[in-house]
Structures are given as structure tokens and as C-alpha cells.
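Please keep the sequence and the model at hand while reading.

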Amino acid sequence: MGERGQRQRVNCCWVAGIVLLCCVERIVAQLRYSVPEEVQVGSSVGNVAKDLGLDISTLTDRRFRIVSGPNHALFQLSQNNGGLYIGKNVDREELCEGIKVCLINLKIVVESPLEIHYVGVEITDVNDHSPTFPESEQRLEIAEHTPPGTRFQIHAARDPDVGAQSVRLYKLSQNDFFDIEIRDSEEDKIPFLVLKKPLDREQKAEHHLVLTALDGGSPSKSGSLNLTITVLDTNDNRPVFSKDIYTVVLDENSPIGTLVIQLNATDLDEGLNSEIEYMFGKTQKKKVHETFELDSVTGEIHLKGNVDFEDTEIYRLDLQASDKGLPPWTAESRVVIKIKDVNDNKPDIEVTSLSNVVPENSKPGTVISLISVTDRDSGLNGKVICKISGDVPFDLTPSIEENMYSLVTKGRLDRETVSHYDITITATDCGEPPLSTVKTLSVQVSDVNDNKPIFSQNPFELYLVENNAPGASIFSVSAADKDLNENALITYHIVRGDGQHSDITSFLSVNSDNGHITALKSFDFEVLKTFQFQVVATDSGTPSLSSNVTVNVFILDQNDNAPVILYPVSSNGSAEGVEEIPRNVNAGHLVTKVRAYDADIGYNGWLLFSLQEVTDHSLFGLDRYTGQIRTLRSFTETDEAEHKLLILVKDNGNVSLSATATVIVKLVEPKEAFAASDVKSATKVDEEDNVTFYLMITLGSVSVLFIISIIVLIAMQCSKSTDYTSKYLQETNYDGTLCHSIQYRSGDKRYMLVGPRMSIGSTIVPGSHANTLVLPDRRRGSGEVRV
């Protein structure tokens, strides 16, 4: 009891009877106390000494005590105050099990005089126990056809407490099939389970109930019993499939032995009545038996053969399930197996070529081939995407019909850039993983005449030495055409017309096949220094294309003109002259100056003077560059009066040409010299006038030629590119013998055609016939094109 340690209730009822037995010398008294069980040790039961009227002070001397007995240890008697106390834990059910009144009798003795007193202690019951069943669970088996009202005895609960604290009531958990009845017996209450309505095992095979026993304590305590009622079966149910139609999706190419589905047929019966056997329907097709196998016990359908979506997309299997009851019941069902397409087929590319040769001038969008793509798979696995790999000027255009494409050009073609294309077409389906097929088409780009002939440079510069042999080849031009065959077959011809050099082009001829140019006449530098003409290159395409090139011709001087003596000249035209000088002149006196001219230029026109013959080498000296004759010393009386000087004038050509002049020097007395000078002055004036006239004519001719050359070169400069421009520089005359020079530039070189004298530091190009000088150009290296 929960309150037994907190609360002590001691009911002290005493009945004292003093019986004076006159026949014996003792007093007997009897007391009765009441105490609840489970009180705390040391709790007071009652004051025996006081209730017996004993003197407390004499209790020790009179040896006040409890006489040993069966339960004397449960109590203690105090000699100090005469009180009776609980000595041990008191459990009524242990002391007085099954007894309604639990009374403990104690014998108390005091001596001097001897007295025996009887004390009865009643142990009252408290509700410290709950009802208990012999087992925690009880199982009952009841057939499913048992009639209502049938009773089934179940375990009764026991409670060690007595009276109102024992079992007083049974309650059954809420249900629709059972009720509880209680039958009273002398000792306890016996419960019975009563069937209220028929059982159906297929509806509910087991019923779980809870029976609760309650005692009469306050608060009451309870105990419970779990009841399990098993309903026994009879074969009153047929097998039932979980579905009338099973639908299964199976991947194609699944391996042999793959579990397709496990059938699930149930029979609400049990035992043999619920054991099910599976089988194919009797009308099943042969192909089903070849492809699938059925486990008759487990209902598992396994793959027996290969399944291919492209062969069969769906299988229908008729099945039966039968129990083993008597008689057996049978159920039918159908399994629909849909084969799922897997991406096991690569796309197939079929090409219908209209032409494998495409003209390079085809317009964008020109159809070359028709492409058809197929894939045996279905759905996304059969959906194909086509594309062209690489950077090519072609594209795939889808047509109205699915998986049909046109291979078309998407840009301009140029055979000269790319003449052949390998077009790689990749067809990829949309399966997972995707499968691809690659096909390569070879397309040849055919040539059209879309390129005109191109010369390697424009203009050409030809340096031709004068006096060339007529009929010999002087130059060759060549053009290239990027086209093929006839479109690249080139013919050449010279442009002839009414232009500035039309009369010269009539003397030129070009080989129409190889571009070799032939001069039909010999050119003279002194007559013509430069000219130009044009050569046209024409291909053989239709229509033909052409281009022209300008050839600038520079005539190079050759040493073909001998020096001409301008002074002295005699009346008959011979190069002879007489000079008279006074005998008293000093050394260094200018006797005369020999003047000469060479129509050539450069080294070919550079004149040098030398004394070939002289009567006395000690008297006269000749400047080799200027032609001045001067005295080397004063004349003496012994010197002859007349001296003859033979002067050689030669140019500096490789094969030099020369002329001679004779000067006769006469020594006269000073007076005669003055007289002679007066006489000669008139004659000399006439002669000098003639010389001056010839000199002016010569200088005028040279100047006119020079001006014409400048005008021609300026015109050429305006029509030529920078790299091939010829620049004519200012004419330079050098002191000394009559000379002239022309400087011009060609490419990265400078050329100078000079007269008898050149600037110091000029360089002579070997093999140039000594008439062409190359001046250093600090901007870039020099080079030369020569013929």
C-alpha cells in the first residue's frame, strides 16, 4: 500500500478482564491491538504497561518482556516506557495468506510477582497487491463456423489481498465478436469468453483481446491478460490474383534468367486450402513457352529466350493459380510484357549523290546529295540528329519528310583554295548512351575560268645593251593562271597601237606560247635611250580573261663611238693646228687646249689625253684630263724654233677607241709674236666662231636628248609601282672635256650614265662594259637586272 510508510493507524482496542483466581497466586490479563500491514519499523502499536496498569519504573526490575513465540520478532517491547513497537516489516499476505482475520498473539511476562498477559495484535489488510493472471497471454482456437453463444473458459485472476481489496470485476476490450461472463465461486470469480457472432477466418484470422481484472481497493488496482483467438480455416475461398492484368516493362536484350515478374495470388484459406500452384493457360502460344518460364510454386516468371523490341514489342501471357483444397479452386490472370526499346541500333546513313563534282561558281544552296537516315529503334532511341563535322562550306538542310536531308553548299567555293572536300556526316540518335554513325562523302570542286593570268611582277624592267643582234631573244615574260586545263592555257601578244612607241613595238615580237620577246632591229643608245611596251597574257577559258604587263626598256650604252677632235681643226677638216708663242714665256704658259667629244657616256665617253710624239719632252706637258698643253720650262737659245706634238685622245671603254690631233708650236720673237697675233686674231676669230657653232650644235643635241629622256622617265614614274620606279637625277657636267651624265634608280639600285669625268668614289660594276656605274645607296643593298 502506498500510504503505509507515510501513515500509521493504530487502533488500540483492549479488553481487559481480570480474573482473580483465588486458587493460584498470579494475575492474567488480555489486551488486543490493531495495526495495518506494511507500517514502518519502529511504529508504536500500543503502551502495554499503561494499559495493564503496571508501574513503569519497575518494568526493568520485574523483567518486563515478550515470551518467545512464532512471530515475536515482529514486535519489540520497551522496558523504559512499556510501549509495544513494530520490530520488522509486517506483510499480512505472508503471515496470514487466505485468512480473513490476521491476529498475532503475544505472551508478555513480568516477575515479582509473576504475571502473564496475553496481547493480540490484528494485522489489517491494505490494498498493496494488484490482480494477476497465471499467464500473460492465453491462446484459443475457434473454428470459423462455431455458432454464437458458445462459451470458452479463460484464466481467472488472483489477488492476495482479502475482502474488498480482492478481485471484484473483469472487463473485456471493445470488439464485435466476444463478450465476457463471470461465474462466482466460493473463493474467486471465474471469467468465460462468450461468442456473440460467427467468425470468418478470411476476414480476420486472429482476434486479439485484452481481459482486465480490477480489485475493490480505492484506488483500485488491475491486471491484464492478452487473449489471442485463432480462427480455424475451411476451404471456402478461391485464390485471388493481386491484379487481373499485370503490366511489365522489360528491356530488350535482357540476359537469360532475368526475373520478369513474380505473380502474387492469395487464398484466404490456410494450410493446403491456401497452397497455390501457378501454371500457363492451356491456350498459350508456343512463342511464349519458348521465351518465358514460370515457377509453379513461387510464381516467378523468368526470361528463357532473347527478346528483341524490333522483333516483338509486346507479349501477352495467360496464367492460372489453383489451391490444393478439395475440391480445388482456380483463378485466372494475364501478364502483359511490354518490351522496352533500348538503344542497340546505330543510325544508318543512305546517300543518294546527285553529283560528286561541284563547279566552284555554284551558288549557296546548291543541292549536292540527298541524305536519308534511319534507325530501327523507336522513340528517342530512333530520333536521329545529323550534322557535318569540320569547317566546310556545306550544310545539311532537313526536308519535309522526317530524317531526310539535303546536302547543300552554304558558301562560295574556290577551287584554287580548296579543290577537294571530304565531308564527314555524323548521325547520332538521342538514346542513352547515344550511338553514332559516320559517313564521309568526297566532293570534287571543278574549275571555272574565274582567275585571270597574273604576271610575277608589274612592270618589268629590261636593260638592253645597244647594238643587239636583230632576231635574237631579248627578254621573256611569264604569267601564271590558278585555273586548270584550258582555263590556265596562256597565250601572249604585244599591244600595238597609235601610242608614243607604236613605231618601236612594230620591231618587237613575242612568242605566243612561252612569252619570249624578240627584237627585229638593233637599238642605238645614241638614238634611243628608253621606251616601253605592253604584253597581254590571255587564257583559253570561255569567256577568256587577260591581264597585261608593262615592260620598261632601258638601252645601255656600248663603246661604239670614237672620240671626235673639236680643236684643233684645220680648214681641210684634219685635226691639225699651229700655235705661235713668244720665246720669252715662262714655265707653265698655256700653249693651247685640245678639245674632244665622245657620243658615248660613262667610261665609254670618258676621254683621256696623252702625248704620243714630241720633239722635246722637257719643253711641253699635257694634262691628261683637260687636254691643256703648257710649257714645262723657259725656252733657251738652243731650243728649236718649231716643235711638233702628236696628241692621242682615247676613251675608257673595254675596247677603247681613239683619235689623234697634231699641234705645231712655233717659237717667235716677242715683236713677231705680237704682229702675228694681230694677223691671226682675225683668222682665229673666224675659226673659233666655227668651233663655237659646232659646239653649240653638239650641246643642243645632247640637251634635247637629255630633256626627252627626263620626260619619258617622268611619264614612266607616274605609271610604275614604287619598287620599280626609275628616277632620273639632275644632269651633271664636270669641268674638263665635254661630258654629260644621267643618274636613275631601279628598284634598290642607283645607276649613273656619265661622260668622260666621274665623281670620285663611284664604283664600276664588273661586266658593265664600263658604261654603268652603281652609286652606293645607304638605305638598302643594291642589285641590278641586266640583259
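Does aspartate 447 count as buried or exposed? In this predicted model, aspartate 447 has a relative accessibility of 18%, and because buried means under 20%, aspartate 447 counts as buried.

Aspartate 447 forms a salt bridge with arginine 415, with the closest N and O atoms 3.1 Å apart. This pair links distant parts of the chain, 32 residues apart: aspartate 447 lies in the loop between strand S32 (436-446) and strand S33 (454-455), whereas arginine 415 lies in the loop between strand S30 (404-409) and strand S31 (420-429).

Arginine 415 has a relative accessibility of 9% and therefore counts as buried as well. The side chain of arginine 415 also meets that of glutamate 416 in a salt bridge, at 3.2 Å from N to O, and glutamate 416 is likewise buried.

## Glutamate 115 and arginine 62

Another salt bridge joins the side chains of glutamate 115 and arginine 62, at 3.5 Å from N to O. Here too the pair links distant parts of the chain, since glutamate 115 belongs to strand S8 (residues 115-124) and arginine 62 to the loop between helix H1 (48-52) and strand S4 (65-66), 53 residues apart. Both glutamate 115 and arginine 62 are buried.

## Salt bridges in the whole structure

The structure holds 16 salt bridges. Salt bridges also link Arg63, Arg65 and Glu111 in a network. In general, side chains of opposite charge can pair when their charged atoms come close.

Conventions
Residues numbered from 1 in each chain as written. Predicted model: local features only at pLDDT ≥ 70, side-chain atom pairs only at ≥ 80, totals over all residues. Heavy atoms only, no water. Salt bridge = Lys/Arg side-chain N within 4 Å of Asp/Glu carboxyl O. Helix = DSSP H or I, 4+ residues; strand = E, 2+ residues; numbered from the N terminus. Buried < 20%, exposed > 50% of the residue type's maximum accessible area, 1.4 Å probe, protein only.
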